[in-house]
Amino acid sequence: METCRETDGNPPPAQDAAIVEASNLSFGYTRQLVLEDVSFSIPEGESLCMIGPNGGGKSTLLKLLLGLLEPGKGSLSLFGSSPENTRSKVGYVPQAMRFDPLFPITALDIVLMGRLERLRWGRFKKSCHEAAEKALGQVGLQDLAHRPFSDLSGGQRQRVLIARALASEPQLLLLDEPTANIDLSVEEKFIETLAELKKSMTILMVTHDLDLISEIGDSVLCVNHRVHRHSLPLSGETIKEIYSGVRRLEHDRKTRHLQGDHSVCQHE
Amino acid sequence: MSEFLDAVQNIPLIRYALLAGIVSSFTFGAVGAFVVTRRIGYIAAAIAHSILGGIGAAIYFSRVYELPWLTPMLGAVIAALLSAALIGWVTLRAGEREDTIIGAIWAFGMATGLLFIHYAPGKAVSLESYIFGNILLTSRDDVVATVVLGAFVLTLILLFYHKLVAVCFDEEYARLRGVSSKVYYLLLLGITAISMVLMVRLVGIILSLALLVLPAATASRFSRRLWVIILLSIGLTLIYNTGGLAISFQLDTPTGPFIVLVASLVYALSFLAKKVVQKR
């Protein structure tokens, strides 16, 4: 590290300058806080999975990271700046379920939206089309570029949305339950795609999918009003506890975790 | 048919009506496709009804204060844009339910229009031509206004097509990619408002929504690409407007209702046609 600093002359890409840095962050839509005193950081290249019960603040945290909401208290920075200023470095993948199934649009048209920042008016440039087609290739959908979105399966739609995020050439990828609407039969392939992406960018995703967490995740952030971080891989015993905790999240969210019971998380 | 062609050559009124019908088809087809895709038909209808308020106010104030420049067309454009802005503002702020404000503007526009027209001095105003439209009342100025407004709307759509589509499809993501979603949503409502003004001139307030929505709805049964739907619905509107004018002239029936009747029948038939295509 020292030698780098001397030879480069440039300020080093300080490895402790995390890509995401939240400190004492609080937020509430009303007076009641959804997130309270949240501090965590994500170093470059890490894959972090957010788990937690419904209403625990995962979506709110995602929106804060996207700069769609302003933190009430504390600070949140991405790439050393405010989320709103760094949107161009962030790729966002919402859930595919959200969209109007009758909307007349093709896969390629959607992926091109990832290049909107480079478009003032008129048509997309050739370079944008190339980037979009490359992104579709990255998720294995190059052959379906001209298919209507409504013709695609749930898994393919989710891939299209990932390709759209990739088309903007992000350094940080945010995904909201990417496997929520995917059949088990294609999930393995889907995880492979994400594992490939993990090599070249930092990933933060909301997920309840245990396979996804164990294949992709470097660590887990348990979000329920406050946050608790766990590193992966963990000891067999702890994994069991966390995973049983996650299962409980899925089956028993509203009762146990909504009451702020973090017993399954507090074992570090 | 030859009777109609003779009329087009010899009677300026028929010529103007035909010209207005042809020119506005392009605007209606394109805007209609967006309205159907984004599911804002009822907003368009509310704007159409609010136009009567603008027309009434323009007639009243121009007569009372002798303002010859304050034409019903100008009043209509102002009222339509104001309604679009108000609906857009309420929707974006989400302070009130969207359907409530749509209903309120709808009725308020009609009520103020009727009152202004009632109290306007001078000769009685024919409400019927505004409510049911009368394409044969098209003047040379109307044709010019149709061309100018139509060209303006189409230019905006051509320039900002991808951004409009992105905002319609996924408003949140568009915002993350630096597109001001609010501005483009308001732009969409604005061009819808201008289309409704042209539409009311042609087929009247009551029938306007049908002519905006039906061609696009028919077209969207046969394609799942927006630009194809736009082209198809422009084509259909062209056929309805010109064919409707010619045939209704020949049969001596009111033009607006005839156009809408044909558009509705074709829409209904498109269900059957689709069924047949799918069975093959």
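These legends go with close-up views of a predicted model.

Local features here need pLDDT of at least 70 and side-chain atom pairs count only at pLDDT 80 or more, while totals for chains, interfaces and linings use all residues. Residues are numbered from 1 along each chain as its sequence is written, chains are lettered from A in the order in which they are written, and side-chain values use heavy atoms, leaving out hydrogens and water.

**View 1. Helices H3 and H9 of chain B cross each other.** H3(B) (residues 41–64) and H9(B) (residues 181–219) pack at about 65 degrees, with axes 7 Å apart; helices are DSSP runs of H or I, at least four residues, numbered from the N terminus. Axes are lines fitted to C-alpha atoms over the stretch in contact, and angles run from 0 to 180 degrees between N-to-C directions. That makes the pair roughly perpendicular (65 to 115 degrees).

**View 2. The open sheet of chain A has six strands.** Their order is S5-S6-S7-S3-S8-S9, with mixed pairing; strands are DSSP runs of E, at least two residues, and two of them pair if DSSP finds at least two bridges between them. At the edges sit S5(A) (90–93) and S9(A) (226–231), each pairing on one side only.

**View 3. S5 and S6 of chain A run parallel.** Four bridges join S5(A) to S6(A) (residues 172–176), and A:Tyr92 has A:Leu174 as its bridge partner. Helix H5(A) (residues 154–167) packs on the sheet, touching S5 and S6 of chain A (contact means heavy atoms within 4.5 Å). The direction of H5(A) makes about 165 degrees with that of S5(A).

Terms used. Angles under 35 degrees count as roughly parallel, over 145 as roughly antiparallel, 65 to 115 as roughly perpendicular and the rest as oblique. A crossing is left-handed if the near helix is turned anticlockwise from the far one by less than a right angle, and right-handed if clockwise.
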